[in-house]
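This report covers a predicted model, its chain contacts and its strand pairing. The sequence and structure come first.

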There are 6 protein chains.
Amino acid sequence: MNRYMAISARNQLSGKITEIQLGDVVAHVTVRVGKNLIESVITRRSAEEMGLKKGDTVKAVIKSTEVMLQKD
Amino acid sequence: MNRYMAISARNQLSGKITEIQLGDVVAHVTVRVGKNLIESVITRRSAEEMGLKKGDTVKAVIKSTEVMLQKD
Amino acid sequence: MNRYMAISARNQLSGKITEIQLGDVVAHVTVRVGKNLIESVITRRSAEEMGLKKGDTVKAVIKSTEVMLQKD
Amino acid sequence: MNRYMAISARNQLSGKITEIQLGDVVAHVTVRVGKNLIESVITRRSAEEMGLKKGDTVKAVIKSTEVMLQKD
Amino acid sequence: MNRYMAISARNQLSGKITEIQLGDVVAHVTVRVGKNLIESVITRRSAEEMGLKKGDTVKAVIKSTEVMLQKD
Amino acid sequence: MNRYMAISARNQLSGKITEIQLGDVVAHVTVRVGKNLIESVITRRSAEEMGLKKGDTVKAVIKSTEVMLQKD
């Protein structure tokens, strides 16, 4: 594989923001990625400085060591 | 929303395992979820005890505090 | 070891909720596990959707890569 | 509560190491805490520099944002 | 390397607190470390129990599995 | 603050790689940032795909929810 890779985090899922809830210190942001909703808790400051709003295209970025697997 | 929820982790993405690489202590597992590949690093012991193998249907489970957002 | 294992997270500690504090976006939940109190910060939405309340029996689930060790 | 607190991580569980498996980069360490086994993946370097060995008394330290809750 | 090591977390960066914002459940704490500002989200309870205030000397402690790398 | 912000992770520390140890699944990478050494465990695949090598300038990227504080 030789794709360009800016950050070591292996999971970078493109989607559209469907909802933002700003709390006092952190914010809850929901992103539609394909058929899934990805939910993220980031600082309120990042949400504001990035100017995140409903409809924005973003990537959800997740380090592979943070991903668990579950078998039904 | 009233869906049944077994675990507090808000991100539970169903997919199929496409590759497993076992290391001495940890394993690298790749899961196809829609058009995305999700990569996970779990302990080798969990991979073995769960009997994970290529083709298995699993859920990738991610706590929302572990999800960052990136704007292009 | 052949125990059934639903999720790759290796730490699953059974206990009883002793306190829940709901914030705007996240909640602080305390669980008694044996002689220890385990404290967890999850989203307020998960706390509400799971209907968590004082006295509930729950498992605290922790990925092994999140556990540090300290020597006195 | 006014107990002395060296680190902000709210979960500090005392126990005894029951097993250490050294890998090339990371190590898998198991600690008995009350009736539970806590499993930790730390760097091999930390395991070696701390001189961790079976029988040592250690604390498992976990940030509360890393603790999920599961209802059966 | 033989330096004394209390905790397995390999990153322990000394600095001075420049700002604390207390939220309902979590707090946002900024620490000057050399030329960088390190930002931390911890529980409000830890911030209060540790008596953290502007000007305090603290260490920012980070597990190495939580550090990503980015190439420009 | 109005600085451009590509990713929500608030900690982005520029430095130079001083050492890379490749394991079977993960790699241990050390980065000099000012007077500190930052250590990172990422997947071996990311280290290889990014072509990381000693002397490279990189940013250590850390989500603020992963930063603990310690008082001496």
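## Interface of chains A and B

Chain A and chain B bury about 3400 Å² between them, with 56% of this area coming from carbon and sulfur atoms; buried area is the accessible area (1.4 Å probe) that two parts lose on being put together, summed over both. On the chain A side, the residues that lose the most area to chain B are A:Glu39, A:Leu69 and A:Lys71, which together make up 22% of what that side buries. Contact (heavy atoms within 4.5 Å) joins 35 residues of chain A to 35 residues of chain B.

Four salt bridges are found across the interface of chain A and chain B, a salt bridge being a side-chain nitrogen of Lys or Arg within 4 Å of a carboxyl oxygen of Asp or Glu. A:Lys71 also forms a salt bridge with B:Asp56, at 3.4 Å from N to O.

## Relation of the two copies

Chain A superposes on chain B by a rotation of 180° with 0.0 Å of shift along the axis, at an RMSD of 0.0 Å. The two copies are therefore related as by a two-fold rotation axis. Both copies use the same surface, as 100% of the contact residues of chain A recur in chain B. The superposition is by least squares on the C-alpha atoms of residues with pLDDT of at least 70 in both copies.

An open sheet of five strands runs in the order S3(E)-S2(E)-S1(E)-S4(E)-S5(F), with antiparallel pairing. Its edge strands, S3 (36–43) of chain E and S5 (68–70) of chain F, each pair on one side only. From one strand to the next the twist averages 45°. Strands are DSSP runs (E, at least two residues), numbered from the N terminus, and two of them pair if DSSP finds at least two bridges between them.

Within chain E, strand S2 (residues 26–33) and S3(E) are antiparallel over eight bridges, and E:Thr30 has E:Glu39 in S3(E) as its bridge partner. Strand S5 (residues 68–70) of chain E pairs with strand S4 (residues 57–62) of chain F, antiparallel over three bridges. There, E:Gln70 stands opposite F:Lys59. F:Lys59 in S4(F) is also the bridge partner of F:Ser14.

## Confidence and conventions

Chain A averages a pLDDT of 93, and 93% of the residues score at least 70; pLDDT is the predictor's confidence in each residue, from 0 to 100. The complex has an ipTM of 0.95 and a pTM of 0.95 from the predictor.

Residues are numbered from 1 along each chain as its sequence is written, and chains are lettered from A and ligands numbered from 1 in the order in which they are written. In this predicted model, local features need pLDDT of at least 70, side-chain atom pairs count only at pLDDT 80 or more, and totals for chains, interfaces and linings use all residues, while side-chain values use heavy atoms, leaving out hydrogens and water.

Note on methods: Helix = DSSP H or I, 4+ residues; strand = E, 2+ residues; numbered from the N terminus. Axes fitted to C-alpha atoms, helices over the stretch in contact; angles between N-to-C directions.
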